[in-house]
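Hi,

Here is the structure I promised to pass on.

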Amino acid sequence: MPTFAAPDGTVLAYHELGEGDPVVCVPGGPMQDSGYLGDLGGLPGRRRLIMLDPRGTGASRAPADPGSYRCDRLVGDLEALREHLGLDRLDLLAHCAGANLATLYAAAHPGRVGRLALITPSTRAVGVDATGEARLAVARLRKDEPWFGAAFAALESIVAGRAGDADWKAIDPFFYGRWDEVAQAHLASQAARRNDEAAAVFAAEGAFDPDATRAALAAFAAPVLLLAGEVDLNTPPEVVAAFAALFPDAAFVVQPGAGHFPWLDDAALFTATVAAFLG
């Protein structure tokens, strides 16, 4: 498995899928290994995917300093990967919490990004938040699902600030466009991929400076794709649209019927959309 050294000497690993021009893929979680991304709906048929395991996850080593799990401090890992690959510019694809890291990288190294694809992105780095009502409105789109009643009641408890552990588990179906065996197996496989210690540090104090990041993105010249899932409870489309508005050259796309993992809900449409953007 290919590896490279981060600026602090931590040995990091990545997986390669497909052939052609590379696209560096940054997983979410935060701090999950890249395995849950699968093959992103068949995207390796169009581009070579460089699937990064963040430090302390998957095949990557844990750092000596746990404070280096903080999102802003991970920017150097992406820059080290670019140098290792011998690329003048990176095409980046990031999912969920990984979009925070990709955004900070783009803000810090704008000339090193060719194209930036943010898939159902977390928006903490830019200070855009989803309201409880926005999440409830997205959830109501699923009212005809057999599991809706219990899941929606749990979501209402969460939004009201009176949730128990069972409520968080009950809303799992909302994160997938189809709550079928594939989705359930995907969810079950995720827990073992996450480094909880790293996740607790990822968004620690000092990780994000939304005002500074927004200012940097206003001058970011590279093309950006922001893809939302129509029924994504985690990052509702209106939030992704607000994120897109921060970039000078951004395409905002809503994938119909998709949840937080759109490559599982309609692989062909997801791959066609992302491949057309990446070229």
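As background, nonpolar side chains tend to be buried together in soluble globular proteins.

Before you go further: this is a predicted model, in which local features need pLDDT of at least 70 and side-chain atom pairs count only at pLDDT 80 or more, while totals for chains, interfaces and linings use all residues. Residues are numbered from 1 along each chain as its sequence is written, and side-chain values use heavy atoms, with hydrogens and water left out.

Now the chain as a whole. Its secondary structure comes to 11 helices and 8 strands; these are DSSP runs numbered from the N terminus, with helices being H or I of at least four residues and strands E of at least two. The radius of gyration is 18 Å, close to the 19 Å from the globule rule for 279 residues, so the chain is as compact as a globular protein of that length. (That radius is taken over C-alpha atoms, and the rule is 2.2 Å times the number of residues to the power 0.38.) The C-alpha trace spans about 50 × 40 × 40 Å along its principal axes. Buried residues account for 52% of the 279, where buried means under 20% relative accessible area, exposed over 50% and partly exposed in between, with a 1.4 Å probe and protein chains only. Of the contacts with a separation of 6 or more, 72% are between residues 24 or more positions apart.

A few backbone details are worth a look in the viewer. The peptide bond from G29 to P30 is cis, with omega near -5°, and P30 sits in the loop between β3 (22–26) and β4 (48–53). L40 is in the loop between β3 and β4 too. Although not a glycine, L40 has a positive phi of about 50°, and at 1% relative accessibility L40 counts as buried. C96, in the loop between β5 (90–95) and α2, also has a positive phi, near 50°, without being a glycine. C96 counts as buried as well, at 11% relative accessibility.

S157 is in helix α4 (residues 148–159) and is buried, with a relative accessible area of 10%. E133, in helix α3 (residues 132–140), is partly exposed, at 47% relative accessible area. E133 and E156 are 23 residues apart in sequence and 9.5 Å apart in space, C-alpha to C-alpha.

Cheers

Technical notes. Contact means heavy atoms within 4.5 Å.
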